[in-house]
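Subject: Structure handover

Hello,

Here is the structure I promised to pass on. My notes on it follow below.

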Amino acid sequence: MKYILTHLKDFAEIKTVIALTAFLVTLIIAFVAKVNRNKLKRDRELIEAAPDKKRAELIEQIIGTWGLSARKFNNEQKFELINLKEKQNERRFYFTISLSFLMILLSGYFIYITTLENKIDEKKVKQIVLMDSPLKDVVYSYAGWEMGRTNADEITTILREITHFDIIKENTSLEWNREDELFSMKPDLIIIHASCFYNKTNTEDADRKFFSFLSYISELETKIIIYSRGFHHEQIWLDNLFKDMPKLKNKVQTLIVKQGNDFNNAVVRRDLKMKVKNLLNI
């Protein structure tokens, strides 16, 4: 549905310009037709008011302004020609008025489609995917872990303080394999723990899976926040990431959660909110 509306919007924007241009052109034609109509009306009044001797000469002058030679017509044909011209102008005038009205209706319809799509964009709830492991060693709040909560649960609480989001939580591990499903969602934002694929062993495999996932998702316009305690040289890490995956440039921001802090920390909460608002333009 969104695909159809988006293309209707593009179609509408072009057609609106065309319809408005056609409206202006037909309006000008209608104005010219009205002027000619009024002129013919005045000419007829002059002919009817003119003395018999002047009438024939006046008719010839009027016919001459149309690029015709009055000498080719007898008096009866001359009067008939004026009547015909008057009727033609009358029809042209009403036709162009009708056409102008139709152009107004079409323009209004296309503008309505464009406005409808804009409203849908404005009202569209942003979709955010939270990717995190439920393992004890990667959950920042021990008290939260004891209650069965993950980092994603704490982040959800923070996001609810910003606005309403469509939040999807992905409990990850080295065996997690929902890349295609997530890709098809085309979320607006992914908030991912740099250790989300970790288990107690095979950290190299987890890192490899993490960067493979980032490379895969880089094909989307999805924005990404990567959080970790381990960004000791944040900018260097980002520069290397963008060098390997240039499509991620301007899409990724990092969030450092210092050792001993968790998502209940005021500074961490503030920084996360700021990055979400920045990436989603809200």
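A pocket here is an open set of grid points with protein on both sides within 12 Å along at least five of seven lines, and its lining residues have an atom within 4 Å of a point. Please bear in mind that this is a predicted model.

Pockets first. The largest pocket holds about 280 Å³ of space. Its lining has 15 residues, and A194, S195, Y198, S228 and G230 lie nearest its centre. Helix α7 gives the most to that lining, with three residues. By class, the lining has eight nonpolar, four polar and three charged residues.

The second largest pocket has a volume of about 220 Å³. Among the residues that line it are K126, K186, D188, E221 and K223. Its lining divides into four nonpolar, two polar and five charged residues.

Now the cores. The largest nonpolar core has 25 residues, and F213 and I226 touch the most other members. Two or more residues each come from β1, β3, α7, β4 and α8. α7 gives the most to this core, with five. Another core, of 22 residues, lies apart from it and includes I155, L189, I225 and L255.

One more residue to look at is E170. It sits in strand β2, residues 166-171. Is E170 buried or exposed? E170 is buried, because its relative accessible area is 6%, and buried means under 20%. Its side chain makes a polar contact of 2.9 Å with that of W176. Beyond its sequence neighbours within four places, E170 is in contact with residues including V129, D132, R178 and M185.

Best wishes

Terms used: Residues are numbered from 1 along each chain as its sequence is written. This is a predicted model: local features need pLDDT of at least 70, side-chain atom pairs count only at pLDDT 80 or more; totals for chains, interfaces and linings use all residues. Side-chain values use heavy atoms; hydrogens and water are left out. Helices (H or I, at least four residues) and strands (E, at least two) are DSSP runs, numbered from the N terminus. Buried means under 20% relative accessible area, exposed over 50%, partly exposed in between (1.4 Å probe, protein chains only). A polar contact is a pair of N or O atoms within 3.5 Å; within protein, one must be able to donate a hydrogen and the other to accept it, and residues adjacent in sequence count only if both atoms are side-chain atoms. Contact means heavy atoms within 4.5 Å. A nonpolar core is a set of buried Ala, Val, Leu, Ile, Met, Phe, Trp, Tyr and Cys residues joined through side-chain atoms within 4.5 Å. On a 1 Å grid over the protein atoms alone, a cavity is a set of points where a 1.4 Å probe fits but cannot get out, and a pocket is an open set with protein on both sides within 12 Å along at least five of seven lines; lining residues have an atom within 4 Å of a point. Grid points are joined across faces, edges and corners, and a volume is the space filled by probe spheres set on the points. Ala, Val, Leu, Ile, Met, Phe, Trp, Tyr, Cys and Pro count as nonpolar, Asp, Glu, Lys and Arg as charged, and the others, Gly among them, as polar.
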